[in-house]
Amino acid sequence: MTAEKISNRQLLFILIMIRTTIIISFMPVITSHDALQDAWAAAIISFFGAAFLVIIIAGLSIRFPDKTLIQYSEMLLGKWVGRGICLIILAAFLFMAATDVRLYGEMLVGGFLPDTPMIFIISAMTLVVLLAAYAGIETIGRAADLLFPVFILMIGASLLFPLSGIEDFLGNLEPVLARGAKPVLGAALIPTLVISQYLALTILTPSTTEPRKTLLTALQALGYSSVILTVSAIIVVSTVGAHRAARSVFPFLLMVRSIQVTEFIERIEVMVVFAWGFGQFLGMALYLYCGARGLSQVIGIADYRVLLGPMAVIMIFFSINAYRNIFQLRDFFTPETAGTFIGIGWFLIPFTLLWLGYLYRRLKYGTNNEH
Amino acid sequence: MVRTMSTKDYLPVIRWGDSSEGGVSLHLRWGHFSEKGVSPHIRWGHSSGGVVSPHLIIGIFLVAISVLLLPGCWDRKDPETIAIVLATAFDYDEERNMYQVFAEIAVPRLMEAEEGDRPERASWVVSAEGFTPYKAMSNLTVKVPREMFWGHSRILLFSEKMARRGIGDIIDAMGRTRQPRLITRPVAVKGDLQKLMSAELALENTFAIGMERIIITVKQDKSVFKDILLIDLIRKLEEPGQEMVIGKITLSPEHSNDNNRESSTAGQGAEDVSPVANVGGCALFRGDRLVGWYDENQSEGWLLARGMGNRFVFTTTDPEDEDKYFTVEVFRVISDWKLTTDNREPRIKIQIQAEGTLKDYAGHESLEEESEYVRSLSDRCAQVIRNRIKDALVKSQEVNADALGLGNFIYRKDYKLWKELEPRWDEIFPELEVDVEVIFIFERSGLITDPARPG
């Protein structure tokens with residue numbers, strides 16, 4: 001049991017924000033495949049795929065409400081296999097944090113601060129995140145309480161402003177699903193796999209006030225963020241066109257840069273940058289916290305905080321060196337690469353073993369308990 | 001007493017030991033040592049029992065503050081060090097195969113002058129050349145004493161030569177680079193680009209602001225010009241079965257001639273400045289190349305067919321007396337397109353419902369009530385609208401540029417049919433039958449009914 005607790009409401013806010021941040025970053029429903037004007041359908045389909053993965057992740061966690069992945073994986077699969085699985089998931093946290101912050105850095109350097117070194121932007125964000133993770137999950141939860149309304153307001157305004165200027169709003173979404181299911185299914189794959197963000201539930205579940213409800217909370221968060229994703233896909237395609245959005249590095253940012261409601265309401269991309277920054281901050285803080293806490297349990301260190309500094313440095317190094325340029329970063333989010341890496345590496349192998357271990361235990365002992 | 005500090009003093013003391021929870025824990029001690037032992041430390045409230053020097057805390061604080069303050073430094077731009085571009089224009093030198101860019105740069109010192117001392121012109125037009133659009137833009141750097149800033153360029157002009165050569169690479173440069181905004185207004189210019197940009201406008205002291213105001217006014221009060229933002233133009237370029245249409249500015253004949261221009265701009269006041277340009281009509285593209293022009297009537301037809309535009313003003317003859325005219329202002333247009341196929345051959349029907357107000361009337365008939373005469377006035381208006389639309393269609397078919405987006409309409413409504421037609425759309429479009437049906441409704445007769453009659 002852990003002394004630090006966050007409420008399920010705070011968890012809901014965190015999960016909504018970190019998933020929505022991916023939407024406003026590179027909008028995988030549009031950029032990862034050629035769904036074009038049917039991106040909204042891909043967003044809806046990705047909800048079901050992601051919900052399945054959430055059930056896989058959180059379904060196991062709620063069966064061990066007072067244990068983290070590190071504790072129950074050892075119980076289910078034995079010390080070495082269990083720890084091996086844990087290291088994969090913990091590496092995923094490091095990987096996600098590094099990739100997310102690199103995307104954020106690419107956006108800032110490419111769009112706003114061309115002369116600022118990438119490492120400075122990444123380090124600055126990491127320093128803030130490090131302080132949050134050091135302060136603990138309760139502080140991260142309270143930060144979510146504070147930032148969530150501002151985040152939603154900014155995203156909401158970014159989505160409402162373009163509506164007045166769209167010449168042929170629904171017409172731009174035509175022809176509807178004319179090219180069959182293949183492009184839509186292809187475009188749904190990456191947003192589905194990006195639910196790997198919710199792997200944090202494997203560590204966080206015991207830290208919530210109602211651990212048995214974390215699955216429901218996660219599904220609610222997924223539902224809300226999928227609504228935002230669907231609406232965003234519709235508005236981005238309607239505003240900038242399906243082809244331009246698909247060729248854009250950051251389609252949501254492009255859409256906001258294209259807003260001109262009146263002579264005065266324009267150049268409002270700062271809202272997106274801030275919202276992205278808030279989501280980025282919470283996401284990274286969460287990954288760093290979960291990574292350090294998980295690793296401290298694996299290697300038997302009492303306090304995860306001593307690991308935060310070294311992990312943050314590794315994360316900065318990784319985010320700079322994992323991708324040589326934006327092309328490699330975009331390449332990662334293709335169905336071929338991410339499908340193999342995330343789909344098989346982070347989901348299929350670890351969770352198949354864990355669930356098999358769990359089912360074996362249930363059949364053998366008829367209980368989850370260690371005895 | 002604290003010893004002199006050295007790097008060694010700040011090395012962390014790390015030792016491994018048994019933790020109270022049974023595992024191995026890492027004990028960290030940060031700090032420096034005084035003669036009496038370890039100097040006062042702040043203890044962090046967790047079980048590892050690590051201690052941190054106040055100096056380290058101050059160090060972290062300073063780093064944190066610098067993180068907040070420093071990120072902007074690399075990209076710091078003070079307003080007095082930048083040259084704000086208000087209008088950007090591209091021309092093409094065919095002999096040298098070079099892009100020519102013209103930038104109208106604001107001169108804030110002149111803009112801030114007192115009302116009486118304010119000069120006619122508060123901007124400077126400068127040009128440069130390059131083999132690509134961006135190269136030309138960057139070549140301006142060596143001519144301007146400040147750093148160019150393109151983020152406030154309100155209008156993007158293309159000369160006829162440039163537009164006929166193709167504007168795709170300029171659109172690409174504008175979308176790819178960071179500063180230019182996609183909410184700038186692209187416009188095609190008929191006439192000398194440099195003369196147009198250098199001319200003085202009667203009511204404004206910069207070309208860009210003056211032209212932008214004319215465009216907005218025309219858009220609001222007399223829809224004879226396709227006002228479009230660059231992002232919408234890009235969308236049109238990329239959509240299948242749809243060609244680009246942008247507004248046209250024509251340099252007035254007296255400014256086309258150098259001598260006339262000098263006499264007009266060297267005048268003593270606004271009353272001596274003749275209108276520089278006419279904002280009306282549209283440029284038709286095929287792909288990214290200009291292939292023809294719409295006059296004002298055809299532009300009205302295009303806007304009516306698309307159900308766009310804000311106000312249209314028509315004049316036509318009185319059904320009872322061909323020598324008398326009446327003027328109508330159309331303030332609402334609803335356009336509905338229908339696609340039918342006959343043996344997999346498309347046929348499109350454009351149905352228009354327009355509502356308008358009588359603005360002037362030279363006839364003698366009573367306008368007190370709905371009558372056969374009022375209905376015949378409506379029919380005349382409907383005929384004018386139909387002719388406008390047909391004119392626009394015929395013009396676009398002549399140059400084989402699907403400016404109305406009929407192919408795009410088929411693409412949206414019947415994707416399979418479009419896939420069949422797409423390879424030979426260039427042959428189908430010039431011959432395509434389009435039916436135009438117009439219903440015109442006189443909403444009101446203005447503030448009076450019958451015309452004034454001599455007593």
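Mentor: Start with A:I344. Leaving aside residues up to four places away in sequence, A:I344 touches A:G339, A:I349 and A:P350, where contact means heavy atoms within 4.5 Å. A:I344 sits in helix α16 of chain A, residues 335-365. Helices are DSSP runs of H or I with at least four residues, strands are runs of E with at least two, and both are numbered from the N terminus. A:I344 counts as partly exposed, at 38% relative accessibility. The cut-offs use a 1.4 Å probe and protein chains only: buried is under 20% relative accessible area, exposed is over 50%, and partly exposed is in between.

Some ground rules. This is a predicted model, in which local features need pLDDT of at least 70 and side-chain atom pairs count only at pLDDT 80 or more, while totals for chains, interfaces and linings use all residues; side-chain values use heavy atoms, without hydrogens and water. Residues are numbered from 1 along each chain as its sequence is written, and chains are lettered from A and ligands numbered from 1 in the order in which they are written.

Now the chain around that helix. Chain A has 16 helices and zero strands. Its radius of gyration is 20 Å, close to the 21 Å from the globule rule for 371 residues, so chain A is as compact as a globular protein of that length. The radius is taken over C-alpha atoms, and the rule is 2.2 Å times the number of residues to the power 0.38. The C-alpha trace spans about 70 × 45 × 35 Å along its principal axes. Of the 371 residues, 62% count as buried. Among contacts in chain A with a separation of 6 or more, 83% come from residues 24 or more positions apart. The accessible surface is about 13500 Å², and 69% of it belongs to carbon and sulfur atoms. These areas come from the Shrake-Rupley method with a 1.4 Å probe; for residues, only the protein chains shown count as cover.

Two backbone details in chain A deserve a check. Most residues other than glycine have a negative phi, and most peptide bonds are trans. A cis peptide bond joins A:E174 and A:P175, with omega about -5°. A:P175 lies in the loop between α7 (137-160) and α8 (182-193). A:L36 has a positive phi, near 50°. Its loop runs between α2 (28-31) and α3 (39-61). A:L36 is buried, at 14% relative accessible area.

Chain B has its own case. Phi of B:R344 is positive too, near 65°. B:R344 is in the loop between β17 (325-342) and β18 (345-361). B:R344 is partly exposed, at 37%. Chain B has 15 helices and 19 strands. Buried residues make up 49% of its 455 residues.

Last, confidence. The mean pLDDT of chain B is 81, and 81% of its residues reach 70 or more; pLDDT is the predictor's confidence in each residue, from 0 to 100. Over residues 1-49 of chain B, pLDDT stays under 50, and the model has 94 contacts beyond four places in sequence for them. Residues 259-270 of chain B also stay under 50, with 12 such contacts. For the complex, the predictor gives an ipTM of 0.85 and a pTM of 0.84.
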